[in-house]
Structures are given as structure tokens and as C-alpha cells.
Amino acid sequence: MKFQHPLQWPTAKARTPETKRKPGRFSSESEKRHCSRRPVTLYEACQRLSSEVQSWTKVGHQWRIDPEKVFITSAISDIKNDGMPYSNRRMPDDPAIAIYFHLDAELMALAINSFASIEQNIAAAAATLEAYRKLDRYGVSLAQGDLIIRLRLPEKATASNTWWSVLGVPINAGSEQIKSAYRKLVKTHHPDTGGDRAAWDRVQSAYKQAMQTVSQ
């Protein structure tokens, strides 16, 4: 599980206006029985999310959600080499998170900005995964358009012609990574320099889709 910057909000999900965000009531597990509850910390929220990700898979079975392929996109830019944020740094003003992962090989997005802090939104994501896992146990499918969104590929899309495949970047690539890949491909495929016109058109279309995605 790793953090990535910048935030990549899925186009199918509306954002909660700042005026309607709530403080959140997720607290430290160790202080649940006390009258005065301490709000969950960033570290604790991440631990809960990691635990819920792993809980989808029974011991000894193949990962249903591979923890190494879970990406949390947010406005947090100060990220350590292990992909996790520093816990003692000031959190950004934008508390939204968008988590991308594969569930049984199907790409999903879990986007939340209902609460006023990143810690609360991550804790909410963990609680959401727990709730969906219990529904899944009883054979209830995940509904598109709810908190967890199925990122279905466009009609006729294949693994080789999605925008991230054409540009040669990860699906959760940020704008700078996308632009860098695009500039390199322009030099190779531009028709004025002997490039293939069909390949050029694919690159242009992929770049347009990519930038629309990250700008949401």
C-alpha cells in the first residue's frame, strides 16, 4: 500500500463541497472505552486500511486485493521512500483521498472526501472496505456509483489500448509523469518526422483522456 501525489479523483464520483464536510468521529482503537476519545491519527488510519485490505483474502489463498498494488492518491506530497507519508507533518488543506486497487483482478476506486481531515477519510475508507467485505460474504455485489466504483474500460478497450498502456505509464500516474511520457512519444511518432499517423493519433487520444482523468 503506497501513497501517491497528486490526488486523482475518479470522474464518476462527485466531490463533497467543503461547506458540507464533517469533522468525523473515528477515534483511536485503544481509547474507545474512554469518555474522551482521541481522534484517529494518520498512522492508525493507515494501519486500519492495511488490515482491511488484507482481510479480504483468506490465509493461504491468492490475494483478492494485493496490498502491494493499492495506491492512495491525495494532496499529501511529502512521502517517504517506502510510499507512506510522514506522520508528523502538516496535512494539506484538501482532505480528499482516492484509492485505486484491483479486487479479483477488476479495477476499483474508493474515493472519499466527506470528512474534514485526511485521517478521518482514510479511516472511513477502512470502514467502507469492512462493510463491503461483509456484504461480499453474503453474495451482494458491489454497486457502481456508490463509494466503491468499478472502473470499467470503454467499449472495445483492451489491455493494450487504454490510455495508460499507450503512454506507457501506471494507471495512477500523475500529470507530470503523463506529460513526460507524452513528450517522449511525440518525438517518436510525430508524422512530420516520419512517425506513423495511426500511432500518433492513438498517442494524442490517450494523452487527452489521461489529462482529463487527472484534472478531476
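Helices (H or I, at least four residues) and strands (E, at least two) are DSSP runs, numbered from the N terminus. Keep that in mind for everything on the screen.

This is a predicted model, where local features need pLDDT of at least 70, side-chain atom pairs count only at pLDDT 80 or more, and totals for chains, interfaces and linings use all residues. Residues are numbered from 1 along each chain as its sequence is written, and side-chain values use heavy atoms, with hydrogens and water left out.

Strands next. Two of them pair if DSSP finds at least two bridges between them. Strand β1, residues 2–4, runs parallel to β2, residues 71–74, with 3 bridges. Look at Q4: its bridge partner in β2 is T73. Now the other pairing of β2. Strand β3, residues 97–103, is antiparallel to β2, and 4 bridges join the two. Here T73 stands opposite A98.

On to helix α1, residues 42–55. It has 14 residues and reaches 20 Å from first C-alpha to last. That is close to the expected 20 Å, where the expected span is 1.5 Å times one less than the number of residues. Which residues of α1 are buried? They are L42, A45, C46, R48, L49, S50, E52 and V53. Buried means under 20% relative accessible area, with a 1.4 Å probe and protein chains only. These buried residues pack against β1, β2, β3 and α2.

Last stop, Q120. It lies in helix α2, residues 118–137. Q120 counts as buried because its relative accessibility is 4%. What does Q120 touch, leaving out residues up to four places away in sequence? P23, G24, R25, F26, P39, V40 and F115. Contact means heavy atoms within 4.5 Å.

Conventions:
Buried means under 20% relative accessible area, exposed over 50%, partly exposed in between (1.4 Å probe, protein chains only).
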